[in-house]
Amino acid sequence: MNLFDVYPLNDITITKASGSYVWDADGQQYLDLYGGHAVISIGHTHPHYVQRLTAQLNKVGFYSNSVKIPLQVELAKKLGEVSGKPDFQLFLCNSGAEANENALKLASFYNGRKKIVAFRGAFHGRTSLAVAVTDNPKIVAPVNENSNVIFLPHNDEAALEATFAAQGNEIAAVIVEGIQGVGGIREASKNFLQKIRSLCDAHNAVYIADSVQCGYGRTGLFYSHDYAGVSADVYTMAKGMGNGFPVAGISISPKFKPWHGELGTTFGGNHLACAAALAVLEIIEQDQLMQNAQELGDYLIAELNKFEQVKEVRGRGLMIGIELPEELAHVKKDLLFKHHIFTGEAKPNVIRLLPALNLKKEQADEFLLAFSALMK
Ligand SMILES: Cc1ncc(COP(=O)(O)O)c(C=O)c1O
């Protein structure tokens, strides 16, 4: 049997990983500023994480949501504390798309409506409704096309106001990334997020903050959206949550009252997933990783802005986009194959930095040195 060939692969096999470094099968070391797509939040093979998962596996790895799982309660409590939303409720699932799918469904159950407002450049996942609110027709199969989705220009308050004025009583939810990831590290402005909040309030629509990539402390705040000073109704999260263990969740405002059977999943919130998520939160808290993300992010952004070849540096904390001119489109590959540094990308010429939140200053400098060599 062959693999279904949907991924363009780099010819690298990773056999070992520790902190912000990985090694390939030939023993070559790489600095990892990509974290397998913003997933590695507390560093690869963090000792506390390995210990907590191993200990849990030796007790019980999985049971379904037909029994009590005290680890879920512990996780909800910790997440409430670390995210600054102790009164919110947690539903656990397995991936970012699934988190968004559930958030949209919850919104529609809540107000009985069908229309969703999403934005140009958005990426929310590949399952049915998540892909329907994603602005990429190439990955939307005919069966996923959904006439209930309204796409508006990103950060366009006037367009949002006009849409609510015309169809406000039909809109179930507005879904927005705090910083668009796949869209090229483009931040939703404070005013825009405040406008979403006030229009959702005025029309009883649900504000869904897709925090799958920009959340979990990456920008220095637990949810990057919260820098606008207003709270969302539902936050979706995944990537950094399990440091590589597939676990996702939605944090739900107390105004939503659940009923049995409303949402559900077999694997979501299993013992191992909760152990992974708890280990991550414990490290984020104990090692003050949100603060580190903010400080190192500020440092990297300031240094990157000094390169005159760079068209624009965008983002916040350790979610950084470096927009390069067309003639420097090779830089990402050169970083990987000449300097052994993993970075992410966004089309057409944006390098994305999504490292672990405990990246060290020396490692940031290692990258800046390599980047500087390539700029020459
Ligand atoms: C903002 C955002 N939402 C949702 C998703 C989908 O997450 P997953 O791939 O875990 O389904 C992604 C993945 O890149 C994302 O960046």
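**Values against definitions**

Author: Of the contacts in the chain with a separation of 6 or more, 73% are between residues 24 or more positions apart, where two residues are in contact if their C-beta atoms, placed from the backbone, lie within 7 Å. This is a predicted model, in which local features need pLDDT of at least 70 and side-chain atom pairs count only at pLDDT 80 or more, while totals for chains, interfaces and linings use all residues. Residues are numbered from 1 along each chain as its sequence is written.

Reader: What makes the chain as compact as a globular protein of that length?

Author: The chain has eleven helices and 17 strands, these being DSSP runs numbered from the N terminus, with at least four residues (H or I) for a helix and at least two (E) for a strand. Its radius of gyration is 20 Å, close to the 21 Å that the globule rule gives for 376 residues, so the chain is as compact as a globular protein of that length. The radius is taken over C-alpha atoms, and the rule is 2.2 Å times the number of residues to the power 0.38.

Reader: Why does Cys214 count as buried?

Author: A residue is buried if 20 or more other C-beta atoms lie within 10 Å of its own, exposed if 12 or fewer, and partly exposed in between, with C-beta atoms placed from the backbone. Cys214 has 30 C-beta neighbours inside 10 Å, and therefore counts as buried. Cys214 lies in the loop between strand E10 (206–210) and strand E11 (234–237), and among the residues that it touches, not counting those up to four places away in sequence, are Glu177, Thr219 and Met319. Of the 376 residues of the chain, 50% count as buried.

Reader: How do you know that the buried residues of H11 line one face of the helix?

Author: The buried residues of H11 are Gln363, Ala364, Phe367 and Phe371. Seen down the axis of H11, they fall within an arc of 105°, so they line one face of the helix; the arc is that of the directions from the helix axis to the C-beta atoms. On the other side of H11, Lys361, Glu362, Leu369, Ser372 and Ala373 are exposed. The buried residues of H11 pack against strand E3 (29–32), helix H9 (289–304) and strand E15 (341–342).
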